[in-house]
Amino acid sequence: MAFTDPQQQNAMYKDFVAFSSVYPEVKHALTVTIAKLVRERPVDPLAFMAQKLREVNEDVKIEQALKSKAAVKIQSRGRGMMSRKKVTENKEQKEQEQAASKIQSLGRAKRDRKKVNNLRKANMVWLNDTFQKLSVEGKNVLPTRTLATLVSDDDDKLYNLDLPDRLLRIPAQFSAMFKRIRSELEESDPDKDLSWYEFAEMFELDNAAADAAQTEAAAVRIQALGRKKRDKMKVEKVRV
């Protein structure tokens with residue numbers, strides 16, 4: 001039945017346009033089939049169109065399957081790229097964290113070495129300053145009796161040496177040697193005078209270490225004098 005009414009034709013066309021916009025493959029199949037129908041002019045047009053529509057439908061299915069397969073392949077590649085990128089980013093982040101940890105570890109080790117070195121220097125200065133404070137004036141020797149008092153476990157005897165407070169704070173490195181030194185002094189001449197090197201040897205310092213201790217102590221004294229001089233100049237400027 002032919003639709004001669006323009007309104008009916010227009011309504012049918014609008015419906016077809018709306019339908020084909022949702023299913024563009026239908027419009028494609030009809031367009032291809034009608035083009036072949038016009039070109040070949042078969043005896044049975046309806047049977048011809050039915051056959052061609054089936055063929056076009058198979059082609060569309062194959063094309064859709066290929067597109068779907070390609071889409072899956074693209075998605076798979078995309079996921080693979082994202083996974084590799086994530087692995088690379090995680091690896092780089094881990095390397096950065098390891099590098100930062102190593103730098104921090106080196107920094108801590110450096111600070112620890114500096115702390116140990118400063119403590120060692122402070123102990124050497126204490127030892128030389130103590131010797132200088134207790135030694136006989138003008139002779140640069142220390143009586144064995146005085147050393148015995150220094151290493152005594154009697155606090156009253158220690159305070160009688162009239163040491164400044166900073167020298168009364170005996171480094172643990174040396175206080176741990178006092179018991180041994182007391183034992184050695186019991187077998188030595190109480191009237192013997194000890195030189196700096198003999199005194200240092202009692203505290204397990206060889207001559208080289210004793211020289212280094214003297215040098216370090218001298219440097220500290222010079223620095224202290226320099227600070228004292230600068231402070232005095234500042235006070236004088238304020239007074240002026």
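Student: In this predicted model, where is the place of serine 135, and is serine 135 buried or exposed?
Tutor: Serine 135 sits in the loop between H3 and strand E1 (142-143). Buried means under 20% relative accessible area. Serine 135 is therefore buried, as its relative accessible area is 14%.

Student: Which residues does serine 135 touch, not counting residues up to four places away in sequence?
Tutor: Happy to list them, once the side chain has been placed. A polar atom of the serine 135 side chain lies 3.1 Å from the backbone oxygen of glutamine 132. Leaving out residues up to four places away in sequence, the residues touched by serine 135 are Asn140, Val141 and Leu142.

Student: How are the axes of H3 and H10 oriented to each other?
Tutor: Let's start from the geometry. The axes of helix H3 (residues 45-134) and helix H10 (residues 207-239) come within 8 Å and cross at roughly 85°. Angles of 65 to 115 degrees count as roughly perpendicular. H3 and H10 are therefore roughly perpendicular to each other.

Student: Which residues in H10 meet H3, and how many charged residues has the contact of H3 with H10?
Tutor: On the H3 side we find Lys121, Met124, Val125, Asn128, Asp129 and Gln132. Their partners in H10 are Ala213, Gln214, Glu216, Ala217, Val220 and Arg221. Sorted by class, the contact of H3 with H10 has five nonpolar residues and three polar ones, and its charged residues number four.

Student: Which side chain is joined to that of aspartate 129 by a polar contact of 2.8 Å?
Tutor: Aspartate 129 has its place in helix H3 and is buried, with a relative accessible area of 9%. Leaving aside its neighbours within four places in sequence, aspartate 129 is in contact with Arg166, Leu167, Ala217 and Arg221. The polar contact of 2.8 Å joins the side chain of aspartate 129 to that of arginine 221.

Student: What does phenylalanine 203 touch, not counting residues up to four places away in sequence?
Tutor: Setting aside residues up to four places away in sequence, phenylalanine 203 touches Leu127, Leu147, Val151, Phe174, Met177, Phe178, Arg180 and Ile181.

Student: What is the separation of the C-alpha atoms of serine 188 and threonine 144?
Tutor: Serine 188 has its place in the loop between helix H8 (178-185) and strand E2 (193-194), and at 30% relative accessibility it counts as partly exposed. A polar atom of its side chain lies 2.9 Å from the backbone oxygen of leucine 185. Serine 188 and threonine 144 are 44 residues apart along the chain, and their C-alpha atoms are separated by 8.4 Å.

Student: How far apart are the C-alpha atoms of glutamate 40 and leucine 185?
Tutor: Glutamate 40 lies in helix H2 (residues 24-40) and is partly exposed, with a relative accessible area of 43%. Along the chain, glutamate 40 and leucine 185 are 145 residues apart, and the separation of their C-alpha atoms is 130 Å.

Student: And what separates the C-alpha atoms of glycine 78 and serine 101?
Tutor: Glycine 78 lies in helix H3 and counts as partly exposed at 26% relative accessibility. Glycine 78 and serine 101 are 23 residues apart along the chain, with their C-alpha atoms separated by 34 Å.

Student: What is phi of aspartate 162, and what is phi of glutamate 204?
Tutor: Most residues other than glycine have a negative phi. Aspartate 162 is found in the loop between helix H5 (155-159) and helix H6 (165-168) and is exposed, with a relative accessible area of 58%. Glutamate 204 lies in the loop between H9 and H10 and is exposed too, at 57%. Both phi values are positive: for aspartate 162 it is near 60°, and for glutamate 204 it is near 65°.

Technical notes: Residues are numbered from 1 along each chain as its sequence is written. This is a predicted model: local features need pLDDT of at least 70, side-chain atom pairs count only at pLDDT 80 or more; totals for chains, interfaces and linings use all residues. Side-chain values use heavy atoms; hydrogens and water are left out. Axes are lines fitted to C-alpha atoms, for helices over the stretch in contact, and angles run from 0 to 180 degrees between N-to-C directions. Helices (H or I, at least four residues) and strands (E, at least two) are DSSP runs, numbered from the N terminus. Angles under 35 degrees count as roughly parallel, over 145 as roughly antiparallel, 65 to 115 as roughly perpendicular and the rest as oblique. Contact means heavy atoms within 4.5 Å. Ala, Val, Leu, Ile, Met, Phe, Trp, Tyr, Cys and Pro count as nonpolar, Asp, Glu, Lys and Arg as charged, and the others, Gly among them, as polar. Buried means under 20% relative accessible area, exposed over 50%, partly exposed in between (1.4 Å probe, protein chains only). A polar contact is a pair of N or O atoms within 3.5 Å; within protein, one must be able to donate a hydrogen and the other to accept it, and residues adjacent in sequence count only if both atoms are side-chain atoms.
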